[in-house]
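Reader: I'm new to this one and would like a walk through it. Could you show me the structure before we start?

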Amino acid sequence: MHMADALLSPPVATTLWVASGATLGWCSRRIRSDPREHLIPLMGVLGAFVFAAQMINFSIPATGSSGHIGGGLLLSILLGGPAAFIVIASVLTVQALLFADGGLLALGANIFNLGFFPCFVAYPLVYRPLLGLGGATPSRSRVLTVTILSAVVGLQLGALGVVVETKLSGITSLPWATFLALMLPIHLAIGIVEGLATAVVIAFIGKARPDLVDARAETAASQRAGSPTRVIASVAILAALTAGVLSWFASSHPDGLEWSISRITGKGEVDEGASAAHQVLAEMQRQVALLPDYKPASGDEKTSPGNTGEASEGEAAWPAVDAGTSLAGVLGAAVTLFLVTAIGYLLRPRRGRTPPRT
Amino acid sequence: MSGIEALLRGIDATDALSSQDTWLARRDPRALILTTLAFLVVVVSFPRHEVAALLPLALYPVVLARLGRIPLPMVGSRVLLALPFVLMVGLFNPLFDTSPRAELLGQSISGGWLSFASIMVRAALAVAAATVLFATAGMPRICAGLNRMGVPAVLTTQLLLLQRYSLVLAGELGRMNLARELRSAERGDMSLAVYGPVLGNLLLRAVERAERIHQAMLSRGFSGSLPIPQGNGWRGAETLFVVFCGAAFLAIRATDLPMLLGRALLAIAR
């Protein structure tokens, strides 16, 4: 479920960076005041545990395939939401840097999708209330059901996040419905597997060292002061604000915006004061629309005479397909690649001049 | 357990690379982090059907890899490893976007294929830049830079601990799995009934290890964050580097160099 940089637009990527960054800042303040003594090394080692655990597979009963643990829910159960969020963020960062698994720009989105939902939604709002920690010990089958349900909730929300972020970025041509129909069922299956894996590991730990699981629940309960709903609310407000401000800035950006601007001016009823907000709304509408770049744009360009001036530059030139332009582009691309290769070759390390220390 | 061996080899290789003493490695890590982020923003800011105009950006990872003495085949293999996921998402574009958008030698090309090619080029550029950043600066110096940029020490400490202990725990899990394979007829994936105890055991060992590590760290004066290497600090060279890279990115973003080149070549040919 790791998103790549190529699937995100700058405003969406930045919005999610801000959301994840704010959550990280909040979490690290919480952790500094955490009473648990060896929390920092425990977090480090559990992060490494998740990292290693993802390399070992188990066979999924009744199917030919295999699965592994994602770890978000497991970490939340063992560490509580804030500490688990930081561990997940660091695991994703190392994966991005070391394995190029999800990009750096998309890291904010990945931390949000894979960290925020399990740590601050699935664990505190599904897992804990349904298990009723603090009361009587819940039965094994109940633990199993609740764990699977929590994992499914976390992963479905994460998959939904991926779809919404990719569509808002306007990179993919997949329609909403198809994209959702692809992502949600797959992640339902992954969620069930994740829940199973988490449940068997928690069951083992609960038998061997019950203090680990129960103690976490107690400290988690004592951390009620900063309730997860407050975090969710503040992050949501922050994200909405950033998205609004950023899409406002994006409105002054030349490409892809002509349509919304021409629509506004075409109606001829825009007063100066309302135009900025109007542009934001039009921009959002444009981004939310199915296949944003196509039918409406070409329709508008044919009907409105005011657009002829724009047709000469960049993006707007495409209705008149020009073979010469394409040929020049391909030729130029080939020459550019050749030049880059040549520069790389010229800059190669000379033997003898500097002994490489590897 | 080829995955674990690959992890160990990968970490060893990048450790060795990032300990090289090159001009680039001596720069303040903040400079490299800033230019990498600026590069990524420029890469994704291109319109969705742009392919050729993105290509000059490939200069950045290539030149930096040379300056930092990072072998280009290693960067290339990382790029190849990362592409399949992007391929899966991008592959749908040609199916859903069939409007003709370009024409080459009498053959019309749909917008879907163009945006697909664009996604692949963007992904390759982004992965290459991230790989070069990690291989030249290495985790300790990246964390030092992040710290000085205001990232909380709790997070950078996590990153450093994670990189160190993932080696230890991956090795431990590899040995446990080998032991299991030798003692049972099972090969490859284990059943869920075995998976729980195996991972549970690893988790217990990890927790006990964390307690021992904490004792050891306390006895060496640990006070909440790890010591981080101090570099030379931000100097003129860093400013120059960031300004130069930024200007180059903006120039590439503002002009379509391959198109100009192609037009010039065609004009000469006629």
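Reader: Is Gly76(B) buried, partly exposed or exposed?
Author: Buried means under 20% relative accessible area, exposed over 50%, and partly exposed in between, with a 1.4 Å probe and protein chains only. Gly76(B) has a relative accessibility of 31%, so this residue counts as partly exposed.

Reader: Before we go on, what kind of model is this, and how are things numbered?
Author: Residues are numbered from 1 along each chain as its sequence is written, while chains are lettered from A and ligands numbered from 1 in the order in which they are written. Side-chain values use heavy atoms, with hydrogens and water left out, local features need pLDDT of at least 70, side-chain atom pairs count only at pLDDT 80 or more, totals for chains, interfaces and linings use all residues, and the model is predicted.

Reader: Where does Gly76(B) sit, and how many Å is it from Leu265(B)?
Author: Helices (H or I, at least four residues) and strands (E, at least two) are DSSP runs, numbered from the N terminus. Gly76(B) is in helix α5 of chain B. Along the sequence, Gly76(B) and Leu265(B) are 189 residues apart, and from C-alpha to C-alpha the gap in space is 29 Å.

Reader: How many helices and strands does chain B have?
Author: Reading along the sequence, you get α-α-α-α-α-α-β-β-α-α-α-α-α. For chain B, that comes to 11 helices and two strands.

Reader: How do α6 and α7 of chain A run relative to each other?
Author: Two packed helices are described by the angle between their axes and the distance between the axes. Axes are lines fitted to C-alpha atoms, for helices over the stretch in contact, and angles run from 0 to 180 degrees between N-to-C directions. Here the axes of α6 (residues 140-169) and α7 of chain A come within 7 Å and cross at roughly 150 degrees. Since angles under 35 degrees count as roughly parallel, over 145 as roughly antiparallel, 65 to 115 as roughly perpendicular and the rest as oblique, α6(A) is roughly antiparallel to α7(A).

Reader: And what is the relation between α2(A) and α8(B)?
Author: Helix α2 (residues 39-53) of chain A packs against helix α8 (residues 153-183) of chain B at about 50 degrees, with the axes 7 Å apart. That angle is why α2(A) and α8(B) are oblique.

Reader: Which residue pairs with Arg27(B) in a salt bridge?
Author: Side chains of opposite charge can pair when their charged atoms come close. A salt bridge is a side-chain nitrogen of Lys or Arg within 4 Å of a carboxyl oxygen of Asp or Glu. For Arg27(B), the N to O distance is 3.0 Å, and the partner is Glu238(B).

Reader: How many residues apart in sequence are the parts that this pair ties together?
Author: Arg27(B) is buried, at 15% relative accessible area, and Glu238(B) is buried too, at 1%. Arg27(B) lies in the loop between α2 (23-26) and α3 (29-45) of chain B and Glu238(B) in helix α10, so the parts tied together are 211 residues apart.
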